[in-house]
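Here's a walk through one protein model, from a strand in its core out to its charged pairs. Have a look at the chain first, then read on.

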Amino acid sequence: MPQESLHRVVVVVDDNSNPFELSCAIEVFGLRRPELGRDLYDFTLCAARPRTRMRDGFFTLGAVPGLEAADTADTLIVPNRPDVDVPRPAAVLDAIRRAHRRGARLIGFCSGAFTLAEAGVLDGRRATAHWQWADDFRTRYPAVRLEPDVLYVDDGDILTAAGSAAALDLGLHVVRRDHGAEVANSVSRRLVFPGHRDGGQRQFVERPVPDLRDESLGPVLAWALERLDTPLTVSDLAARAAVSPATVHRRFRAQLGTTPLAWLTGERAALACRLIERGESRLDLVARASGLGTAANLRAVLHRATGLSPSSYRRRFGPAAG
(Lines give C-alpha, C1' and ligand atoms only; values in the text may rest on other atoms or scores of the structure.)
Protein backbone atom coordinates (compact mmCIF):
# COMPACT_ATOMS: atom_id res chain seq x y z
CA MET A 1 0.00 0.00 0.00
CA PRO A 2 1.51 3.39 -0.91
CA GLN A 3 2.59 5.35 2.13
CA GLU A 4 0.72 8.45 1.02
CA SER A 5 -2.60 6.56 1.03
CA LEU A 6 -2.35 5.61 4.71
CA HIS A 7 -4.43 7.27 7.41
CA ARG A 8 -2.10 9.79 9.07
CA VAL A 9 -1.84 9.75 12.88
CA VAL A 10 -0.01 12.65 14.53
CA VAL A 11 0.80 12.85 18.25
CA VAL A 12 1.36 16.25 19.84
CA VAL A 13 3.93 16.14 22.65
CA ASP A 14 4.14 18.94 25.18
CA ASP A 15 6.44 19.81 28.05
CA ASN A 16 5.88 17.33 30.90
CA SER A 17 3.93 14.89 28.70
CA ASN A 18 3.69 11.33 29.98
CA PRO A 19 6.10 8.92 28.24
CA PHE A 20 3.85 5.88 28.79
CA GLU A 21 0.90 7.16 26.76
CA LEU A 22 3.29 8.35 24.04
CA SER A 23 4.73 4.84 23.91
CA CYS A 24 1.22 3.37 23.69
CA ALA A 25 0.49 5.54 20.65
CA ILE A 26 3.76 4.48 19.02
CA GLU A 27 3.13 0.78 19.74
CA VAL A 28 -0.41 0.80 18.37
CA PHE A 29 -0.19 3.28 15.48
CA GLY A 30 3.51 3.71 14.68
CA LEU A 31 5.03 0.25 14.29
CA ARG A 32 5.47 -1.59 11.01
CA ARG A 33 3.20 -4.63 10.65
CA PRO A 34 5.13 -7.27 8.66
CA GLU A 35 2.90 -9.99 10.12
CA LEU A 36 -0.03 -8.36 8.30
CA GLY A 37 1.85 -7.76 5.07
CA ARG A 38 1.00 -4.05 5.18
CA ASP A 39 1.29 -0.98 7.37
CA LEU A 40 -1.82 0.40 9.02
CA TYR A 41 -0.98 4.08 9.57
CA ASP A 42 1.38 6.87 8.62
CA PHE A 43 2.65 8.09 11.98
CA THR A 44 4.64 11.04 13.29
CA LEU A 45 5.15 13.25 16.33
CA CYS A 46 5.04 17.02 16.53
CA ALA A 47 5.68 19.64 19.20
CA ALA A 48 5.53 23.38 19.76
CA ARG A 49 9.33 23.49 20.15
CA PRO A 50 12.14 21.39 18.61
CA ARG A 51 13.19 20.12 22.06
CA THR A 52 10.52 18.93 24.50
CA ARG A 53 11.22 17.89 28.09
CA MET A 54 9.09 14.89 29.04
CA ARG A 55 7.50 14.25 32.43
CA ASP A 56 9.73 15.01 35.43
CA GLY A 57 12.70 15.46 33.14
CA PHE A 58 13.07 11.72 32.48
CA PHE A 59 14.34 12.56 29.00
CA THR A 60 14.13 15.23 26.30
CA LEU A 61 12.87 14.71 22.78
CA GLY A 62 14.85 16.47 20.09
CA ALA A 63 14.40 17.16 16.38
CA VAL A 64 10.63 16.70 16.65
CA PRO A 65 8.64 18.23 13.75
CA GLY A 66 6.78 21.45 14.47
CA LEU A 67 3.05 21.87 15.02
CA GLU A 68 2.51 22.33 11.30
CA ALA A 69 2.49 18.50 11.16
CA ALA A 70 -0.75 18.59 13.14
CA ASP A 71 -2.38 20.31 10.17
CA THR A 72 -1.83 17.16 8.08
CA ALA A 73 -3.34 14.72 10.60
CA ASP A 74 -6.34 12.54 9.90
CA THR A 75 -6.19 11.60 13.59
CA LEU A 76 -4.60 13.95 16.13
CA ILE A 77 -3.61 12.61 19.56
CA VAL A 78 -3.41 15.53 21.98
CA PRO A 79 -0.96 16.03 24.87
CA ASN A 80 -1.61 14.48 28.25
CA ARG A 81 0.25 15.70 31.33
CA PRO A 82 0.06 15.06 35.08
CA ASP A 83 -0.06 18.80 35.85
CA VAL A 84 -3.68 19.25 34.82
CA ASP A 85 -3.87 22.68 36.45
CA VAL A 86 -1.17 24.15 34.18
CA PRO A 87 -2.61 25.74 31.00
CA ARG A 88 -1.50 24.22 27.70
CA PRO A 89 0.38 26.44 25.25
CA ALA A 90 -1.88 28.59 23.09
CA ALA A 91 -0.22 27.25 19.94
CA VAL A 92 -1.11 23.67 20.92
CA LEU A 93 -4.73 24.58 21.65
CA ASP A 94 -4.97 26.42 18.34
CA ALA A 95 -3.63 23.37 16.48
CA ILE A 96 -6.31 21.21 18.13
CA ARG A 97 -9.06 23.67 17.19
CA ARG A 98 -7.85 23.80 13.57
CA ALA A 99 -7.80 20.02 13.36
CA HIS A 100 -11.32 19.82 14.78
CA ARG A 101 -12.66 22.45 12.35
CA ARG A 102 -11.35 20.56 9.31
CA GLY A 103 -12.85 17.25 10.53
CA ALA A 104 -9.82 15.40 11.90
CA ARG A 105 -10.44 12.74 14.55
CA LEU A 106 -9.21 13.80 18.01
CA ILE A 107 -7.96 11.43 20.71
CA GLY A 108 -7.12 12.20 24.33
CA PHE A 109 -5.37 9.64 26.55
CA CYS A 110 -5.86 10.03 30.33
CA SER A 111 -5.42 13.73 31.18
CA GLY A 112 -5.65 14.49 27.46
CA ALA A 113 -9.35 15.05 28.16
CA PHE A 114 -8.32 18.22 30.00
CA THR A 115 -6.43 19.36 26.90
CA LEU A 116 -9.45 18.79 24.67
CA ALA A 117 -11.75 20.54 27.15
CA GLU A 118 -9.38 23.49 27.43
CA ALA A 119 -9.40 23.77 23.64
CA GLY A 120 -13.19 24.04 23.83
CA VAL A 121 -13.96 21.09 21.56
CA LEU A 122 -15.64 18.92 24.22
CA ASP A 123 -18.53 21.21 25.18
CA GLY A 124 -21.76 19.22 24.95
CA ARG A 125 -19.81 16.06 24.11
CA ARG A 126 -19.27 12.75 25.91
CA ALA A 127 -15.83 12.09 27.41
CA THR A 128 -14.05 10.25 30.18
CA ALA A 129 -11.09 11.04 32.42
CA HIS A 130 -9.13 9.28 35.13
CA TRP A 131 -11.30 8.59 38.18
CA GLN A 132 -8.91 10.54 40.45
CA TRP A 133 -9.61 13.72 38.45
CA ALA A 134 -13.32 13.21 37.78
CA ASP A 135 -14.57 15.72 40.38
CA ASP A 136 -12.01 18.34 39.33
CA PHE A 137 -12.90 17.83 35.66
CA ARG A 138 -16.65 18.26 36.33
CA THR A 139 -16.03 21.45 38.30
CA ARG A 140 -13.83 23.00 35.62
CA TYR A 141 -15.74 21.81 32.56
CA PRO A 142 -19.44 21.44 33.48
CA ALA A 143 -20.50 21.57 29.80
CA VAL A 144 -18.77 18.23 29.11
CA ARG A 145 -20.81 15.04 29.66
CA LEU A 146 -18.27 13.13 31.74
CA GLU A 147 -18.60 9.33 31.98
CA PRO A 148 -16.16 8.42 34.76
CA ASP A 149 -16.89 4.67 35.05
CA VAL A 150 -15.69 3.53 31.62
CA LEU A 151 -12.26 2.77 30.19
CA TYR A 152 -12.84 4.91 27.11
CA VAL A 153 -15.52 6.88 25.29
CA ASP A 154 -16.00 6.89 21.53
CA ASP A 155 -18.03 9.99 20.65
CA GLY A 156 -17.48 9.71 16.92
CA ASP A 157 -14.77 12.17 15.96
CA ILE A 158 -13.55 12.71 19.55
CA LEU A 159 -12.36 9.77 21.67
CA THR A 160 -11.00 9.77 25.21
CA ALA A 161 -9.36 7.13 27.42
CA ALA A 162 -9.66 7.10 31.19
CA GLY A 163 -6.12 6.33 32.29
CA SER A 164 -2.63 5.36 31.20
CA ALA A 165 -3.24 1.67 30.40
CA ALA A 166 -6.65 2.56 28.96
CA ALA A 167 -4.70 4.22 26.15
CA LEU A 168 -4.08 0.68 24.86
CA ASP A 169 -7.78 -0.18 25.18
CA LEU A 170 -8.75 2.89 23.18
CA GLY A 171 -5.94 2.44 20.66
CA LEU A 172 -7.05 -1.12 19.91
CA HIS A 173 -10.65 0.08 19.66
CA VAL A 174 -9.57 2.61 17.03
CA VAL A 175 -7.69 -0.08 15.09
CA ARG A 176 -10.79 -2.29 15.30
CA ARG A 177 -12.93 0.59 14.04
CA ASP A 178 -10.54 1.38 11.19
CA HIS A 179 -9.39 -2.09 10.12
CA GLY A 180 -11.74 -4.67 11.69
CA ALA A 181 -11.60 -7.15 14.55
CA GLU A 182 -9.08 -9.57 12.99
CA VAL A 183 -6.45 -6.88 12.48
CA ALA A 184 -7.06 -5.46 15.96
CA ASN A 185 -6.67 -8.96 17.41
CA SER A 186 -3.35 -9.33 15.58
CA VAL A 187 -2.12 -6.05 17.05
CA SER A 188 -3.30 -7.05 20.53
CA ARG A 189 -1.49 -10.40 20.27
CA ARG A 190 1.73 -8.62 19.37
CA LEU A 191 1.22 -6.36 22.39
CA VAL A 192 0.37 -9.39 24.58
CA PHE A 193 -2.62 -7.33 25.71
CA PRO A 194 -6.31 -8.30 25.55
CA GLY A 195 -8.10 -6.98 22.49
CA HIS A 196 -11.00 -5.99 24.73
CA ARG A 197 -10.95 -5.68 28.52
CA ASP A 198 -14.30 -6.23 30.18
CA GLY A 199 -15.61 -3.68 32.63
CA GLY A 200 -14.76 -0.07 33.31
CA GLN A 201 -12.49 1.90 35.55
CA ARG A 202 -14.84 1.61 38.52
CA GLN A 203 -13.03 -1.67 39.22
CA PHE A 204 -9.83 0.33 39.88
CA VAL A 205 -11.24 2.99 42.22
CA GLU A 206 -9.70 2.78 45.67
CA ARG A 207 -12.08 1.26 48.21
CA PRO A 208 -11.81 -0.92 51.31
CA VAL A 209 -11.32 -4.57 50.38
CA PRO A 210 -13.35 -6.95 52.56
CA ASP A 211 -12.26 -10.52 53.16
CA LEU A 212 -14.64 -12.37 50.81
CA ARG A 213 -14.64 -15.64 48.96
CA ASP A 214 -13.75 -15.48 45.27
CA GLU A 215 -16.65 -14.00 43.29
CA SER A 216 -14.81 -13.60 39.99
CA LEU A 217 -16.89 -13.97 36.84
CA GLY A 218 -13.88 -15.31 34.95
CA PRO A 219 -14.81 -19.02 34.97
CA VAL A 220 -18.42 -18.46 33.93
CA LEU A 221 -17.37 -16.00 31.20
CA ALA A 222 -14.89 -18.50 29.78
CA TRP A 223 -17.59 -21.19 29.87
CA ALA A 224 -20.08 -18.94 28.06
CA LEU A 225 -17.56 -17.87 25.39
CA GLU A 226 -17.21 -21.52 24.36
CA ARG A 227 -21.00 -21.78 23.92
CA LEU A 228 -22.00 -18.57 22.14
CA ASP A 229 -23.67 -20.59 19.38
CA THR A 230 -26.11 -22.15 21.86
CA PRO A 231 -29.07 -20.53 23.65
CA LEU A 232 -27.86 -19.08 26.95
CA THR A 233 -29.98 -17.42 29.60
CA VAL A 234 -29.20 -15.64 32.84
CA SER A 235 -30.43 -18.76 34.61
CA ASP A 236 -27.85 -20.83 32.68
CA LEU A 237 -25.07 -18.49 33.78
CA ALA A 238 -26.35 -18.56 37.35
CA ALA A 239 -26.48 -22.33 37.40
CA ARG A 240 -22.92 -22.55 36.08
CA ALA A 241 -21.74 -20.14 38.80
CA ALA A 242 -23.87 -21.92 41.44
CA VAL A 243 -25.59 -18.68 42.47
CA SER A 244 -28.97 -17.08 41.94
CA PRO A 245 -29.85 -15.07 38.80
CA ALA A 246 -30.05 -11.95 40.98
CA THR A 247 -26.47 -12.55 42.16
CA VAL A 248 -25.29 -12.98 38.56
CA HIS A 249 -26.88 -9.63 37.67
CA ARG A 250 -25.23 -7.99 40.66
CA ARG A 251 -21.80 -9.39 39.81
CA PHE A 252 -22.04 -8.37 36.16
CA ARG A 253 -22.98 -4.82 37.20
CA ALA A 254 -20.22 -4.62 39.79
CA GLN A 255 -17.42 -6.26 37.78
CA LEU A 256 -18.25 -5.47 34.16
CA GLY A 257 -20.59 -2.48 34.39
CA THR A 258 -23.19 -4.19 32.21
CA THR A 259 -25.92 -6.83 32.26
CA PRO A 260 -25.43 -10.53 31.44
CA LEU A 261 -27.54 -10.36 28.28
CA ALA A 262 -25.81 -7.19 27.06
CA TRP A 263 -22.44 -8.87 27.56
CA LEU A 264 -23.58 -11.97 25.66
CA THR A 265 -24.89 -9.85 22.79
CA GLY A 266 -21.62 -7.91 22.58
CA GLU A 267 -19.54 -11.09 22.48
CA ARG A 268 -21.82 -12.60 19.84
CA ALA A 269 -21.53 -9.46 17.71
CA ALA A 270 -17.72 -9.66 17.97
CA LEU A 271 -17.80 -13.32 16.91
CA ALA A 272 -20.06 -12.48 13.96
CA CYS A 273 -17.60 -9.78 12.86
CA ARG A 274 -14.72 -12.24 12.95
CA LEU A 275 -16.66 -14.78 10.88
CA ILE A 276 -17.50 -12.16 8.24
CA GLU A 277 -13.88 -10.97 8.13
CA ARG A 278 -12.74 -14.55 7.53
CA GLY A 279 -14.92 -14.73 4.43
CA GLU A 280 -18.24 -16.23 5.52
CA SER A 281 -20.92 -14.57 3.37
CA ARG A 282 -23.96 -16.64 4.37
CA LEU A 283 -25.73 -14.47 6.91
CA ASP A 284 -27.93 -17.24 8.22
CA LEU A 285 -24.84 -19.33 8.98
CA VAL A 286 -23.08 -16.39 10.66
CA ALA A 287 -26.20 -15.72 12.72
CA ARG A 288 -26.44 -19.34 13.89
CA ALA A 289 -22.71 -19.76 14.56
CA SER A 290 -22.58 -16.57 16.64
CA GLY A 291 -25.76 -17.32 18.57
CA LEU A 292 -27.68 -14.39 17.10
CA GLY A 293 -30.30 -16.71 15.65
CA THR A 294 -31.58 -15.08 12.47
CA ALA A 295 -30.14 -12.96 9.69
CA ALA A 296 -32.55 -10.17 10.65
CA ASN A 297 -31.29 -10.16 14.24
CA LEU A 298 -27.70 -10.29 12.99
CA ARG A 299 -28.31 -7.18 10.88
CA ALA A 300 -29.84 -5.30 13.81
CA VAL A 301 -27.15 -6.27 16.33
CA LEU A 302 -24.25 -5.62 13.94
CA HIS A 303 -25.61 -2.20 13.01
CA ARG A 304 -25.89 -1.25 16.69
CA ALA A 305 -22.37 -2.53 17.39
CA THR A 306 -20.52 -1.16 14.34
CA GLY A 307 -22.85 1.26 12.56
CA LEU A 308 -22.62 -0.96 9.46
CA SER A 309 -24.81 -3.56 7.80
CA PRO A 310 -23.28 -7.04 7.34
CA SER A 311 -22.71 -6.38 3.63
CA SER A 312 -21.04 -3.02 4.35
CA TYR A 313 -18.92 -4.62 7.05
CA ARG A 314 -17.84 -7.35 4.59
CA ARG A 315 -16.89 -4.78 1.94
CA ARG A 316 -14.84 -2.81 4.46
CA PHE A 317 -13.19 -5.61 6.45
CA GLY A 318 -13.69 -8.87 4.52
CA PRO A 319 -10.90 -10.80 2.74
CA ALA A 320 -11.23 -8.74 -0.45
CA ALA A 321 -10.78 -5.46 1.47
CA GLY A 322 -7.08 -6.05 2.07
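## A covered strand

Strand β6 is mostly covered, with five of its five residues buried. Buried here means under 20% relative accessible area, exposed means over 50%, and partly exposed is in between (1.4 Å probe, protein chains only). Helices (H or I, at least four residues) and strands (E, at least two) are DSSP runs, numbered from the N terminus. Before going further: this is a predicted model, where local features need pLDDT of at least 70 and side-chain atom pairs count only at pLDDT 80 or more, while totals for chains, interfaces and linings use all residues. Residues are numbered from 1 along each chain as its sequence is written, and side-chain values use heavy atoms, with hydrogens and water left out.

Which residues of β6 sit on each side? Arg105, Ile107 and Phe109 take one face, Leu106 and Gly108 take the other, and all are buried. β6 runs parallel to strand β5 (residues 75-77), joined by three bridges, and Thr75 has Arg105 as its bridge partner. Strand β10 (residues 158-161) is also parallel to β6, with four bridges between them; there, Leu106 stands opposite Ile158. Two strands pair if DSSP finds at least two bridges between them.

β5, helix α2 (residues 90-101) and β6 together make a right-handed β-α-β unit. Right-handed means that, with the strands pointing away from the viewer, the path from the first strand over the helix to the second runs clockwise.

Most residues other than glycine have a negative phi. Cys110 is placed in the loop between β6 (105-109) and α3 (112-119), and counts as buried at 4% relative accessibility. Asn16 also has a positive phi, near 75 degrees. This one is found in the loop between β1 (7-13) and α1 (19-30), and at 18% relative accessibility Asn16 counts as buried too.

Glu21, in helix α1, is buried yet has no salt bridge. How far away is the nearest side chain of opposite charge? That is Arg55, at 6.4 Å. For the counting, Lys and Arg are positive and Asp and Glu negative; His and the chain ends are not counted. A salt bridge needs a side-chain nitrogen of Lys or Arg within 4 Å of a carboxyl oxygen of Asp or Glu.

Leaving aside neighbours within four places in sequence, Glu21 is in contact (heavy atoms within 4.5 Å) with Asn80, Phe109, Cys110, Ser164 and Ala167.

## Helix α6

Helix α6 (residues 181-191) is mostly covered as well: eight of its 11 residues are buried, among them Val183, Val187 and Leu191. The cover includes α1, α5 (166-179), α10 (260-277) and α13 (310-317). Leaving aside neighbours within four places in sequence, Leu191 is in contact with Glu27, Val28, Leu168 and Leu172.

## Aromatic pairs

Rings of Phe, Tyr and Trp (its six-membered ring) pair if their centres lie within 6.5 Å; planes under 30 degrees apart count as stacked, over 60 as edge-to-face and the rest as tilted. The count comes to seven aromatic pairs. Phe114 and Phe137 are edge-to-face, because their ring centres are 5.0 Å apart and their planes are at 85 degrees. Phe114 lies in helix α3 and Phe137 in helix α4 (residues 134-140), so the pair ties together parts 23 residues apart in sequence.

Phe137 is buried, at 0% relative accessible area. Phe137 also pairs with Tyr141, this time tilted: 5.3 Å centre to centre and 55 degrees between the planes. Phe114, Trp133, Phe137 and Tyr141 form one aromatic cluster.

## Salt bridges

The whole structure holds 23 salt bridges. In one of them, Asp71 meets Arg98 at 3.0 Å, N to O. This pair links distant parts of the chain, with Asp71 in the loop between β4 (60-61) and β5 and Arg98 in helix α2, 27 residues apart.

Asp157 and Arg125 meet at 2.5 Å, N to O. Asp157 sits in the loop between β9 (152-154) and β10, and Arg125 in the loop between α3 and β7 (126-127), 32 residues apart. Are these two buried or partly exposed? Asp157 is partly exposed at 30% relative accessibility, whereas Arg125 is buried at 17%.

Arg288 and Asp284 form a salt bridge at 3.9 Å, N to O. Being four residues apart in helix α11 (residues 283-289), they are separated by about one helical turn. Elsewhere, salt bridges that share partners join Arg125, Arg126, Glu147, Asp155 and Asp157 into one network.
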